[in-house]
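Please examine the sequence and the three-dimensional model together. The paragraphs after them proceed from the overall fold to individual side chains.

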Amino acid sequence: MSSDAVPSYRVFLGIQFAMAAVSGLVYTTVVVYRVDAAGLNPLQLVLVGTALEAAYFGFQLPTGVLADIGSARACVVAGVAVLGAGCVVEGLLPVFYGILAAQVVGALGYALVSGALEAWIAGEVGTADLTRVYLRGSQAGLVGTLVGTAVSGLVAGVRLNLPLLLGGGVLIAAAAALPFVMSERGRPATGAEAGAGETVRAAWGLIRVRPAFLVVFGVVALVGGWSEAVDRLWGAHLLANFRLPGPEAATWFSVLGVAATLLGLVVTQIVSTRTGDTMTLLLGVVGVLFVTTIVFGLVTNVWIAIGAALALAAARTAFAPVLSAWLVERTDPGVRATVLSARDMFDATGQVAGGPALGAIGTWWSLRAALVAGSLALAPAAGLLVLARRRLGSDVEPQSA
């Protein structure tokens, strides 16, 4: 990493920290808000996630192309502001349809930031050590999550919607400050000259000639289906099927979030010191997620369930940064955001396809059954990772920055 790229690297870490801090503040106790204040049932909880992912899917390709042919920096700034607006909308409307509307706003914000931020920093610092950069960004995010999570229970204890309103305000203020600190030296020279159709065709052409990309995207879709069950139902599972000892639920969720974040920091630090076969590393992560999700869904002892939940939360922190670096290092600079948007579209497809079915299982059968059913998506994901490892060859050589 060159010395003139260090300021951009620090801004990248700052963005990761700030967004994760707000995410920790908002989402650590949001399930309590949605269940207690808005009265959502398991199916509605998953439909909220499905609405987010469906809108996210629709926004992904246009925002990815916009970042490639326009400005990744501008997409990041706009996305942070829109995310803040989505938090405020949900905090002001504690009813099912109000929360659904907030998901559409939030989806646009996520789509604007996702891919664009990763493409922006790759252009600023180069791809020579990109896995470490992304892992450091993940660690900055985990520290931010730790800060946000630590205060989430206290803030929610004042009023359940206060984390949403406060977090939204912080993001809007951050978006106002970002134009003054973000540079865009690494913007591809051909970016503004290419049209949207040309950019999409170039991205698809790159994916098509690299078969391992499609296999990896299949893994992303399957892991997305698994994550929908865990992300939307884990809190409801703890609230419905266990008697949490000691403090009130909001405080417990804050404590668990802090513990999961600390474990995630340990995992990402270990991974950042390892080099070797990326597919083998991802296969190990998927295996851990499969086992811990089944344990979490089936055990009746509250402490074993909490341990399994913490283990799966820590393991999953390594998945996204390692996979992102693998993709970006093998993608032409002019289509990076579009390729990353394609990755996120596969993720959203998995979540939209699996979400309603898992929510129905959770509502009409049991939350335990829904979690176990969601974990079944990880078995074929592991198989695809084995296939991807076998397919690696000349089609996956890294691209220059």
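What follows is an account of the fold, its charged and aromatic pairs, and selected surface and local features.

The structure is a predicted model, in which local features require pLDDT of at least 70 and side-chain atom pairs count only at pLDDT 80 or more, while totals for chains, interfaces and linings use all residues. Residues are numbered from 1 along each chain as its sequence is written, and side-chain values use heavy atoms, with hydrogens and water left out.

The secondary structure comprises 17 helices and zero strands; helices (H or I, at least four residues) and strands (E, at least two) are DSSP runs numbered from the N terminus. Of the 401 residues of the protein, 54% count as buried, where buried means under 20% relative accessible area, exposed means over 50%, and partly exposed lies in between (1.4 Å probe, protein chains only). The protein exposes about 15,400 Å², and carbon and sulfur atoms supply 68% of that area. Accessible areas come from the Shrake-Rupley method with a 1.4 Å probe, and for residues only the protein chains shown count as cover. Among contacts in the protein with a separation of 6 or more, 88% are accounted for by residues 24 or more positions apart; a contact means heavy atoms within 4.5 Å.

The charged pairs come next. Side chains of opposite charge can pair when their charged atoms come close. A search of the whole structure finds three salt bridges, each defined as a side-chain nitrogen of Lys or Arg within 4 Å of a carboxyl oxygen of Asp or Glu. One of them joins the side chains of Arg-34 and Glu-90, at 2.8 Å from N to O. This pair links distant parts of the chain, since Arg-34 belongs to helix α2 and Glu-90 to helix α4 (residues 72-92), 56 residues apart. Arg-34 counts as buried because its relative accessibility is 6%, and Glu-90 is likewise buried, with a relative accessible area of 3%.

Which residues are linked in a network of salt bridges? The network consists of Glu-118, Arg-343 and Asp-344. Glu-118 forms a salt bridge with Arg-343, and the closest N and O atoms are 3.0 Å apart. That pair also links distant parts of the chain: Glu-118 is in helix α6 (residues 116-125) and Arg-343 in helix α15 (residues 336-364), 225 residues apart. Arg-343 forms a further salt bridge with Asp-344, where the closest N and O atoms are 2.9 Å apart.

Just after α2, Gly-39 takes a positive phi of about 70°.

Aromatic side chains provide another set of pairs. The whole structure contains three aromatic pairs; rings of Phe, Tyr and Trp (its six-membered ring) pair if their centres lie within 6.5 Å, and planes under 30 degrees apart count as stacked, over 60 as edge-to-face and the rest as tilted. One of the pairs is formed by Phe-12 and Tyr-134, whose ring centres are 6.4 Å apart and whose planes stand at 50°, so the pair is tilted. Because Phe-12 lies in helix α1 (residues 6-27) and Tyr-134 in helix α7, the pair ties together parts that are 122 residues apart in sequence. Phe-12 and Tyr-134 are both buried.

Helix α7 (residues 130-158) also includes Val-143. At 35% relative accessibility, Val-143 counts as partly exposed. Together with Phe-17 and Val-147, Val-143 makes a nonpolar surface patch of about 210 Å². Patches are made of residues with over 30% relative accessible area and no salt bridge, with like charges joined within 9 Å and nonpolar side chains (Val, Leu, Ile, Met, Phe, Trp, Tyr) joined within 5 Å.

The search of the whole structure finds zero disulfides, a disulfide being a pair of cysteine sulfur atoms within 2.5 Å. Cys-75 is buried, with a relative accessible area of 3%, and Cys-87 counts as buried at 7% relative accessibility. In helix α11 (residues 249-272) lies Ala-249, which counts as partly exposed at 22% relative accessibility. Ala-249 and Leu-238 are eleven residues apart in sequence, and their C-alpha atoms are 9.4 Å apart in space.
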